[in-house]
Amino acid sequence: MAVCIAVIAKENCPLYIRSVPTQGELKFHYTVHTSLDVVEEKISGVGKALADQRELYLGLLYPTEDYKVYGYVTNSKVKFVIVVDSSNTSLRDNEIRSMFRKLHNSFTDVMCNPFYNPGDPIQSKAFDSIVSTMMVQAC
Amino acid sequence: MSAGDQNLFTALYGSLTQQLPREPMEWRRSYGRAPKMIYLEANFVQFKEELLPKEGNKALLTFPFLHVYWTDCCDSEVYKASVKEDMQRWQAALRLHGSVDWLIAVVESDNKKKNKTNLLPRTSIVDKIRSDFCNKQSDRCVSLCDPLKESSRSQESWSSFLTKLRTLLLMSFTRNLGRFEDEMRTLREKRTEPGWSFCDYFMVQEELAFVFEMLQQFEDALVQYDELDALFTQYVLNFGAGDGANWLGSFCQPVRSWNGLLLRRPIDMEKRDLIQRGEASLLDLRSYLFSRQCTLLIFLQRPWEVTARALELLHNCVQELRLLEVSVVSGALDCWVFLSCLEVLHRIEGCCDRSQLEANTSHTVGLWTYATEKLRCLGDLCGLVSENGPNSEDLNKTVDLLAGLGAERPETVNSPQSPYKKLKEALSSVEAFEKHYLELSHAAMEMYKAIGRLPRFNITETRNFLLDSLKSYVSESWSLPLTHTRKQIAECQKQLQKMDEYLQTSALLASDTNLSDDERRHFCQEILTFASQTAEDARVALSMSSFTRLQELRFRPSSALVHVSAALQLELRLCSLMPVPVTLEQISASIHFTQEQPGSTAQKRAAQNPDGTVTFPAASPASASASALELCEILEHSPSDNVLSSAGVACRNMHLLMRQNDSATSLDTPNTALTALTLEDGAQMLRASDVTLLPGNNSIVFTSQKPGVYTLRQLCATLGQVQFILPHLYPVVQYEVYSQEPQLSIQPLTEHLLAGLPQQVKFTILTGHYSVKKGDALQLSNTDSMPVLHSSTCSARILSSSAELLAESALSIQSSEKVTSISLPVTPPYHTLEFLLEVLCHIPSCPARMESERLTNGQISRRSRTRFNSGMTLIDQKVSVDCPWSIYSTLVSLTFHVPFKVKHSLLSAGRRKFIQVCLQNLVFRQQCVFSVWELRWSSVSPVSLHCVFSAAFAPADAPDAALKPYTYDFTLERVSVSADGSDLSRVCVAAFHLSLCDIYCLR
């Protein structure tokens, strides 16, 4: 389960960022922010010809001693970042993928809300609860 | 293994080892693996029975794959006597050990043949051997002809021998390898059994790796190590999941040595021995495994994979030690990681040239960063970054850590830049630590810069770097990192004694809601403390945006338009962002006088709402970047015919939007905008003194009185030595204070003023800046043609500037012969005084055209003038008024309409003459009244007859009014006309005084 989940707009400003309360929020903000460079490298690394059928899942962005950071980018260049504890070895790539898919679906719902102004921070309760199901439950 | 004639073999050995690997062989492999071309290389040793592998020996490297018996015997006697027996013994030994891979090489030499006389045919020896030893396997005996000679025959036999040798060698190799692999797999399958040992298995599989490596099959060799790696990892994970294997216990021993990876030896025998003996710790095993993988990857020319794997390995090891709950001295892992990072980097640098390294910075930078982080951790741990330096406890820790490093390895003893030396030196003193840490940080930063990732790198403390990252956080609105970075910057700025910048940052931090109240109060106090210092020259100008936010501005009155001396109130609504109340000495708003005509600013005040408020948008960077286009439509009319010539849409706030995109220095980064924070000198100010701003909303009232049109420019809050300045107010806010001269106007109450009837006119006095005092009076010069009719009920109304009725008072009007004096009631400035006055304009008695011209030219009256307009006679009446506020007379023109039109005509009937007068009422229904008189004369008819037509009239609503009758003068002339000499004269004479008493009704 994730320790931090973030949605970042095309312009790299955070739309939503939530982390487990037990650990430093600031650290996760830094971690997510740092990962954006890798996301950009990965996106620009993909050739234009492949852009159409591009895989949205970017895989492991970068590991640190304590965390693994996974990335996902929508076609509209909105980035999802999931940070997982390194010691959580039971998580497989497939599970991460499905987490991203769930996140993407919920995000799409948020965007479909006519009262949501694209670019604003996400405050949807539905989205929040989806994220909650993917987060490590704070003991 | 070579048996038989050792001298013969020694003679051939050189060329054999040289030529064997010259040609490749196709290697077909089991389990569907793709065939490969390989070059065989063999080590030949002399046959000794004790060297043959015993049952269960797993050594594959030293395994005798092929046994060759060498003989140059060409004498059947000798063969029978000794060679055959020797061969039989050899064969028996081989059979005993189950070795089926052998070859008998018979070397033939012409020299030998010549020496011997009783020669058997040369083939017979070979045939004999074949029949003796190789039943059905004739290919196991090969003859070699003069291998040391250069003849074509010997060449041919030599190469066919080599081919045979290779084939047999490969065959044996494949078979033995297959068997080995099978055994290895069997061993691996037993891993769930209690006695299974990973170390033993490790040795077996590594043997395979060695063989592949020897065959230059590095890929296959690497696979062996990767399999071992994966197997081990899985065990550790299973252990974490509660499924522990016994053998893992040996890896759980406390870490005692943390001297890092060693990648300079192809095989680290020291560690390998430890593994073999089952005494290796987890770090030993991981180190050894990685050093082998590294060696193979470098053989495969994939150095960048080494760096990637290294980073993963280091992360992984730290996790695994945690998972296995291995006790580690704090800091030991940091040392290990640090040394390992540098060792990997050194190893990579050793096998790549500079340009390659530079092109692949992205692969190495992770290790550099990791090493930097770890050094930092060590610095923290050992008290090397604290201000006071390490204390004794820190020193003890340092000593412990250094002890775990052990002695430097012989490989690096002589290199002055070895990781070992670096770490030892860095831990030796605060200065050395700083030097090494900065060096590393710098190197890492440079690399991040090179690969374009700099803005997000967050380790170093360089101020400029922090400012760079700050910009990126601001532009992307990452609030938490922003706050944190700002705090670091504040620290830097304080240490660098950059007071203005520090105060600005402090202001930002004091208003930052991400911080705790205590922190905010601290930064606020920093500002207050500085502000209360007494140094005179140290005024500091800061941006107001971090201090308070201007939310709204309200004008009272709401039109933002007042006359002089009226109170215009400007209420500012400021939201103080400070955590505590702040008492300001003064808040001032500088205003700019605009040279504009009053009233022309109306359009510019578009931003001002009808209720007099101006709302200032919250200028947060996020909303600014997303701020909407402010569009307005533009219509252009051609000046000649006012036809629409072009229409378009323009963006009004383009300069703002463009600026945000063009440069990173937005208005909201106060550090860069400091230069713009200069107060405009000489500007007029609105001031409010001793204001206390409470946290949250505050309102401040300014008043303004000086006449003019003003634009608000800046806002400045003064707090001791500190000034908070808001350099621009947007949207533009203007107000107007005007000064007005007193004005008098006289207007008719009805649409037209009629002459001949009493008419009411309205006097309106706008007092402007003049205040009407007691005794002030209007002096109207009287004229005969328009007397003022005053009644006693005349009263005046006093209205305020907003047209409210304030008072009503009676007017006293005195008339003398020359002037009519109207004494005015006391009226304050900028009020309106209204009263009605009745005047009567006499209809001039001679309204005929010629007469009127004479009137204009004559001296009868300068003040009234008669005009004709669309059938109506108009009388312009000028009134001269002397006002108390002016020494000059005011001339007011009134236009009266004459309500009648008269026409006369002379009618003839035979010799009788009639005068017809037609009087037309122009006011009411254009009624006409005709009167006819007959002319008769008793005596001689006069030459000219003067007639006066007079009609009395009264308005319909007041029939009894005694009005001066309307008179009409005309003259009849006698005209003689002679036609054809006849004396017939027709005389038209009118000599009849008419006295008419008809009364016409007028409305």
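1. Which side chain does that of Arg292(B) meet in a salt bridge? The partner is Glu213(B), at 2.3 Å from N to O. Since the model is a predicted one, this distance belongs to the prediction. Arg292(B) is part of helix H9 (residues 282–299) of chain B, while Glu213(B) belongs to helix H6 (residues 198–214) of chain B, so the pair ties together parts that are 79 residues apart in sequence. Both ends are covered: Arg292(B) has 0% relative accessibility and counts as buried, and Glu213(B), at 15%, also counts as buried.

2. The predictor assigns the complex an ipTM of 0.80 and a pTM of 0.60. For chain B the mean pLDDT is 76, with 83% of its residues at 70 or more. Residues 620–626 of chain B have a pLDDT below 50, and this stretch has six contacts in the model beyond near neighbours in sequence. A further stretch, residues 847–862 of chain B, stays under 50 in pLDDT, and the model has nine contacts for it beyond four places in sequence. Where pLDDT is low, the predicted coordinates should not be read in detail.

3. The salt bridges also include a pair that crosses between chains. Over all chains, a search of the whole structure finds 34 salt bridges. One of them joins the side chains of Arg322(B) and Asp66(A), at 3.3 Å from N to O. Arg322(B) is located in helix H10 (residues 303–323) of chain B, and Asp66(A) in the loop between strand E3 (57–63) and strand E4 (67–73) of chain A. Arg322(B) is partly exposed, with a relative accessible area of 47%, and Asp66(A) is likewise partly exposed, with 29%.

4. A network of salt bridges links Arg322(B) and Asp66(A) with Glu65(A), Asp334(B) and Lys374(B).

5. Another salt bridge within chain B involves two strands. The side chains of Glu834(B) and Arg797(B) meet at 3.4 Å, N to O. Glu834(B) is in strand E29 (residues 832–840) of chain B and Arg797(B) in strand E25 (residues 795–799) of chain B; the pair links distant parts of the chain, 37 residues apart.

6. On one side of the pairing, strand E33 (residues 900–909) of chain B joins E34(B) in the antiparallel sense over 10 bridges, and His904(B) stands opposite Val917(B) in E34(B). E34(B) is also joined to strand E35 (residues 928–935) of chain B by eight bridges, again antiparallel. In that pairing, Leu919(B) stands opposite Val929(B) in E35(B).

7. E33(B) and E34(B) have two residues between them, and Gly910(B) in the turn has a positive phi of about 65°. The hairpin of E34(B) and E35(B) has six residues between the strands, and there Arg925(B) takes a positive phi near 60°.

Terms used. Residues are numbered from 1 along each chain as its sequence is written. Chains are lettered from A and ligands numbered from 1 in the order in which they are written. This is a predicted model: local features need pLDDT of at least 70, side-chain atom pairs count only at pLDDT 80 or more; totals for chains, interfaces and linings use all residues. Side-chain values use heavy atoms; hydrogens and water are left out. Two strands pair if DSSP finds at least two bridges between them. Helices (H or I, at least four residues) and strands (E, at least two) are DSSP runs, numbered from the N terminus. pLDDT is the predictor's confidence in each residue, from 0 to 100. Contact means heavy atoms within 4.5 Å. A salt bridge is a side-chain nitrogen of Lys or Arg within 4 Å of a carboxyl oxygen of Asp or Glu. Buried means under 20% relative accessible area, exposed over 50%, partly exposed in between (1.4 Å probe, protein chains only).
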